[in-house]
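Please look through the sequence and the three-dimensional structure shown below before reading on.

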Amino acid sequence: MTASASARPAPAAPPGVLPFIRRYAVLIMLAVLFVVLSVSTSSFLTVTNLLNILNQNAPLAIIAVAGTLVVICGGFDLSTGAIFSVANVVAAWVAVNTGSPVLGLLCAPLVGAALGAVNGAAITRLRIHSFLATLASSLVYGGLAVLITGGFLISVEAPGFTALGRGGIGPVYYAIVILLLFALLAGFLLNYTTFGRYVLSVGGNAEAAELSGIRVDRVKLYTFLFSGLAAGVAAAIGVSRIGSGQPQAGDGLQLLAIAAVILGGTSIYGGVGAIWRSVCGVYLLALIDNGFDILNANPFFKDLTTGVVILAAVALSAASKRR
Amino acid sequence: MTASASARPAPAAPPGVLPFIRRYAVLIMLAVLFVVLSVSTSSFLTVTNLLNILNQNAPLAIIAVAGTLVVICGGFDLSTGAIFSVANVVAAWVAVNTGSPVLGLLCAPLVGAALGAVNGAAITRLRIHSFLATLASSLVYGGLAVLITGGFLISVEAPGFTALGRGGIGPVYYAIVILLLFALLAGFLLNYTTFGRYVLSVGGNAEAAELSGIRVDRVKLYTFLFSGLAAGVAAAIGVSRIGSGQPQAGDGLQLLAIAAVILGGTSIYGGVGAIWRSVCGVYLLALIDNGFDILNANPFFKDLTTGVVILAAVALSAASKRR
Amino acid sequence: ACNSDVSQVNSGASEAPSGKTGPVKIALLASSSQNGFNKAVYDGAVAKAKELGDVEVTIFDGKFDSQTQFNQVQNVASQGTYDGIVLVPNDNVGIAAAIPAAAQAKIPVVTTLFPVGPKLTELTPQVDGVVSTVAADTEENSKKLAEGVVEYCRDKDPCKVAILIGQLQFPFDNLRNKAYRSVLDPHKNIKVVATGQGNYDRDTSLKAMQNILQANPDLDVVLSNADQQTIGAQVALESAGMDLSKMYVTGGGGSQEAVKQVRAGKWAADQIDFPNSMGKAALEQVVNAVRGKPVTPVVDADTLGPVPVIVTKEVLDQHPGFKGEWAD
Amino acid sequence: MPAATREAVAAAVRGLSKRFGSTQALDSVTLSFAAGEVHGLVGENGAGKSTLGKMIGGLYHPDSGEIEIFGSPVRRWDTKRAQDAGVVVIAQELCLVPALSVAQNVFLGRERSTFGVLHPGLVQRYAELEQVCGFGLPADAPVESLSIADQQKVEIMRALARDARIIVMDEPTSSLTADEAARLHEIMRWLRSRGTTVIYVTHFLEDVLENCDRVTVMRDGRVIRTSETATETKSGLVEAMLGEPADVLLPERPPPPSPEADPVVEMREVWSGTAVRGVSLAVRPGEIVGLAGLVGSGRTEIARALFGCDRVDSGEIRFCGRPVGARSPRASISRGMAMIPEDRRGQGLVLLRPTFENVTLPHLRGFSRAGVLARRAERAAVKELIDRLGVRPAQVDGDVSVYSGGNQQKVLFAKWLLGRPEFLILDEPTRGVDVGAKAKIYQLIVDIAASGTAVLLISSELEEVVGLSHRVHLVRQGALIGEVPADTSVDEILQRLFGVGEESRGES
Ligand SMILES: Nc1ncnc2c1ncn2[C@@H]1O[C@H](COP(=O)(O)OP(=O)(O)OP(=O)(O)O)[C@@H](O)[C@H]1O
Ligand SMILES: Nc1ncnc2c1ncn2[C@@H]1O[C@H](COP(=O)(O)OP(=O)(O)OP(=O)(O)O)[C@@H](O)[C@H]1O
Ligand SMILES: O[C@@H]1[C@@H](O)[C@H](O)OC[C@H]1O
Ligand SMILES: [Mg+2]
Ligand SMILES: [Mg+2]
């Protein structure tokens, strides 16, 4: 019976350089890019620039953080961009029509969570794949956002409306603080709560989770709700920053967020992943953007470079992955 | 499109109405929409309009047809839009610089196939998931397209360049003929050749396929090559139709194509699916577009309607799926 | 409010001790770098920079995304590398929120094509930091374009019009559409039978026009706000066997192709933009602001070129040398 | 049903029916399970045992009929409610969360928490449970790194962790070795002593007779009879299962190959990864060579190295006297090798594809010209083969995903018999297969060898290995520790496998 106890140490991080590289590929790429930019130009490594990068991408990072839970749970949320759009126009509309900026901004997360819950309900009730379900719902939500505004944008003049997006605690923008809280919350949920355990198990093997008495549908629904909530929070920051709600505000965010999650190294098949990975993914993409801007590089090469960096990161993380 | 594919959809087909609905959901939705449009307006059910619809969406359908093989094989090609862009600017460039429209148009499929092969090689050599690999390569290819044109559009004056896109056999556009041939070819490949069988089995269980002596990597590579080829063929039609190559010509095509494939009912997990399904998926979306234009309906509602129709089709195909 | 803004701008400019004397670096924030119109703005700016000497222009890719551009303004403002900004805004309202950062860093901003701020039709700088607007009155010009349609339709009843608009969710397209309708709708004989979204894209417009023709084979007018769209529509119209010279087809933008088509009598009219000249004018203003020289708060873009804002074949015949300032 | 009325009834089903497409999996089943009994459930593959178990556990919903748990009828039954009511199922197909650790899997859904925040001390809790089970699995190893057998133990522990009052164990011993199965039986007795009801589905009739209080025989979705095991015999059970008397003896081995015949396949001092350490063996035409070892001893890895799935670090593999060059499953197949892997569903079958596609997959070149399939020939060949092997249902385009285990296994045999291999590796060929099918598979193996094919047989059922093989290699920790002749007693083999004394190297 002793012989049977031998566990195979396979994916559990055997020592060595390659496994380390494989595991921390996204972090390594981030560090490399950071160093390269720091030595290339003196404009990069300044407090303002770094705070700007963090701040500018905080809404995207917030969405990616929540999206990580969705992906780990085996899903895909293609509607976060559209939810962002709806939430930001609703926030602006409410702020304008009630005159209360606080009420307006509070509406965004609520609307986001509600639309996320609708996604979750559709996916679990109708038993349809989240990829297609959220693709469809993103069209519906996007349409809603346009209808709410009639195609125009809603400018908010109410004083204080922009405090959330533009203000901060000392030099640190609120957006960064919110992202930090959000990432900590999600990380805590994933690693220290039953909910997180269930997310991991539903994504890892939904049938096994079901067999263990876990309400698979409910867990999935919550991940989509959380993702919608995140999009709503991001929208609150975004709309407050810009000072106006517009129906196409969230266009394309969903793909960036998913790209960042997967670039970070969270498995597209679900079951494994980490919050910090997605945050790294977001800021890896952000550094490329920022680098192009401050290095005065030809923007024609930006997409190409981004593609190559992604490939490099992924290839690194797959380095010598042998059967 | 009728004969093109009779691959078994989802496992077994027990008799009864529900299974029938489930199995032919996309066809049923297509028929319903067709009837609704026919009775709503006399402009719909005319030979010209139907030919127009077929013609307009033929490039997308060609991409979706090949994409079906990729999805069945367990992959995802997010780069077809970018390949379309590269192929269409190369075709225009070659036509302008050699003065030969034929040579230009021939280049498009070749470039497409080559870029598709690069995708396939990257995915199989680097062992990275096709979702991320093609996301990255689409950025690279998109960047290439911009570099080739310098961001400008390349107008082709050469006489005859537009024949492929605008001409036809009698009233039937070449694009429709090409789509038909392409769908028949793909259906034939899938159902009547060893290659098709390998695609199905690799998508169904790559490990079992490998243990059965199938060169899994090669099969995957070929599906991506085929997908690239299709994007190139579509680009040849597109560039000829418009008479000019532009670097953003393919933007967004990849998502539409994948949406159509999955909307058609091909499993996102691979292993099952059919060509005709994807063609139906494309034309289901196309009918909505056409309907809005000829009914002069408020375009604000188009996305919303599209989303609802997708949801309905998918919900139908999942109808009462319960153990 | 406008007046006080202007005075602020002027005082701001004069406050700058005497202006910068050394080399000047300008950031040109294009709405997209991969777009012919923006390229023309850039080329114009570069040409002007050469002319002035000691000025360098860098283009930024706004990816047709308001958030991206917002970030770029912030980045430029915080880096201290650039002395001035020329903007082709994606989102004229939202971007206003980023401008104060530039103002704080004493980086003057010149906007082109569209004004910056909540009011779409107010060209006088609305936001602290914007020193000059190089643009035209979109609403006015759209009305002018539509008036040509009214003229053409005078003896036709019904006169069937299809509008091809970019995307109705873009504020300026919405403004254009409303302007068109405000001119067309009072005329009983004019029937707007279709409104298609062309998305500034040939292929999309080709599809939309084919579909529209299906329901309305006897179309008289295609009122399009963008040349790219009209080119696509033209393919559909011609392959449906329609004679454009008998119809009234418009474009917008003043591209080389548009000018050619109007000269050929295929398109009846085009609303002209002068992106290259706009780039030149914008660069001139921004360099003036940097150097501490007087700045013109509003440069009417319609006056920058040799032709009036709405051109027809007759108008162009009087300007045989005019080719259009951009290629798509 | 005297027993059921005498004691408290833990679970009862009445008129339970379930249909899958055209298959009537359960046909009006009425049955009750007494509190604190170990109740055997036997029947052919496809008899409906798992379906019944899954329904009791809330995984399937009945078409009609009702389920009663501790006297109250259940409505809106699902796994969560079932577990809350104390009903747990160990499913037949391994079903664990790969990336989670052993302990996390064991307590999945039963985590201790305050407001959803997990308590520490999972390892402590695990250690307590491990005291009872004695399986010796490390708490924090990810489950995906465990062998199938070890994963099965995790499944068992998971059920025990739920303090269930009714446990359905669906073939829990199918990949355990005899001693591990014995350990599980001990656990069952301990459970019974605590008043837990165990519903024990298995194809090992001896185990039923030894460990169950009562046994129910099922056939074609119906209950044939329920009786006290004391009154049953193995042959009586077999007859009830199959509906006819049947021979459950091992078939006659084919004659041994002549000793001077050249081996078809040979391994010389092969090392591969950490699991195969200096293995040398040879198999001659018509010979059945067995590999006996404890679970995790490396038998599967030896087979994989041989078949070209895993890299060989050193040593030599020879086929028909010549060293083989390129090694891959594909190359092996083209040389005339074949392997039926231990994980039927994971590595053997493409479940989404119909029977004939699975069977012809490796041989498509023979059924095509210029890449175009000759579908008629293909179907005809498959038809002939599945008829010969008795695959049920005998449809060339049957849906293998819902076939019973035995029939899935037959499809895999068909897949390789179609190619007439010169060398066939069988890794656990009868796992989860019913007695009737088992007998047929034994006969198949013997026939294959008799036709001149060399066979390497791996099985955790030692009776099977010693009863069918001409020679048996003993495997321990990746090395061959000796060779024993046919019909060596199981006890002796076990002694040697566990033996601590130095063994002489197995020569071959
Ligand atoms: N999900 C399903 N879909 C379709 N048919 C099914 C499904 N599950 C089981 N069946 C069919 O129902 C019948 C009973 O299957 P079940 O798994 O209960 O048999 P079993 O007695 O457990 O067999 P085994 O001993 O092989 O495990 C079989 O014919 C099987 O093919
Ligand atoms: N992927 C792997 N990574 C590391 N070690 C492994 C791996 N696979 C197997 N091993 C090791 O190889 C040894 C043999 O495992 P294997 O599964 O071949 O045993 P077996 O005798 O076939 O038993 P089983 O009945 O489980 O099939 C085990 O000790 C295991 O630790
Ligand atoms: O190309 C476009 C032009 O046609 C339109 O009129 O204004 C915006 C430009 O980007
Ligand atoms: Mg079973
Ligand atoms: Mg094994």
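## Terms and numbering

Helices (H or I, at least four residues) and strands (E, at least two) are DSSP runs, and they are numbered from the N terminus. This is a predicted model, in which local features need pLDDT of at least 70 and side-chain atom pairs count only at pLDDT 80 or more, while totals for chains, interfaces and linings use all residues. Residues are numbered from 1 along each chain as its sequence is written, chains are lettered from A and ligands numbered from 1 in the order in which they are written, and side-chain values use heavy atoms, with hydrogens and water left out.

## A loop in chain B

Thr41(B) is placed in the loop between helix 2 (25–40) and helix 3 (47–56) of chain B. Its relative accessible area is 11%, so Thr41(B) is buried; buried means under 20% relative accessible area, exposed over 50%, and partly exposed in between, with a 1.4 Å probe and protein chains only. A polar atom in the side chain of Thr41(B) lies 2.9 Å from the backbone nitrogen of Ser43(B). Such a polar contact is a pair of N or O atoms within 3.5 Å; within protein, one must be able to donate a hydrogen and the other to accept it, and residues adjacent in sequence count only if both atoms are side-chain atoms.

## Helices of chain A

In chain A, an unreviewed UniProt entry places the feature "transmembrane region" at several stretches, including residues 102–124 and 172–192; annotations of this kind may be inferred rather than shown by experiment, the feature names are shortened, and the positions are given in the numbering used here. Residues 102–124 of chain A are 100% helix and 0% strand, with end C-alpha atoms 34 Å apart, whereas residues 172–192 of chain A are 90% helix and 10% strand, with end C-alpha atoms 28 Å apart.

Asn119(A) is found in helix 6 (residues 101–125) of chain A, and it counts as buried because its relative accessibility is 2%.

## Two magnesium ions in chain D

What coordinates the magnesium ion that is ligand 4? Ser50(D), through OG, and Gln92(D), through OE1, coordinate this ion at 1.9 to 2.0 Å. Ser50(D) lies in helix 2 (residues 49–56) of chain D and Gln92(D) in the loop between strand 6 (87–90) and helix 4 (102–106) of chain D, so the pair ties together parts that are 42 residues apart in sequence. Both Ser50(D) and Gln92(D) are buried. Donors are N, O and S atoms within 2.8 Å of the metal (3.2 Å for Na, K and Ca), and water is not among the atoms, so sites may look incomplete.

The magnesium ion that is ligand 5 is coordinated by Thr300(D) (OG1) and Glu342(D) (OE), at 1.8 to 2.5 Å. This pair links distant parts of the chain, with Thr300(D) in helix 10 (residues 299–307) of chain D and Glu342(D), 42 residues apart from it, in the loop between strand 18 (337–340) and helix 12 (344–348) of chain D. Thr300(D) counts as buried because its relative accessibility is 15%.

## Around ligand 1

There are 18 residues around ligand 1, and those that come nearest are Asn45(D), Gly46(D), Ser50(D), Thr51(D) and Val402(D); a residue is near a molecule or strand if one of its heavy atoms lies within 4 Å of it. An oxygen atom of ligand 1 lies 2.5 Å from a polar side-chain atom of Thr51(D), and a nitrogen atom of ligand 1 lies 3.4 Å from a polar side-chain atom of Tyr60(D). Ligand 1 exposes 630 Å² when taken alone, and the protein buries 82% of that, where accessible areas come from the Shrake-Rupley method with a 1.4 Å probe and, for residues, only the protein chains shown count as cover. Helix 2 of chain D gives the largest share of this shell, three residues.

## Around ligand 3

Which residue has a side-chain N or O atom 3.2 Å from an oxygen atom of ligand 3? That residue is Gln228(C). The protein covers 92% of the 270 Å² of accessible area that ligand 3 has on its own. Among the residues around ligand 3 are Phe37(C), Arg176(C), Asp273(C) and Trp326(C).
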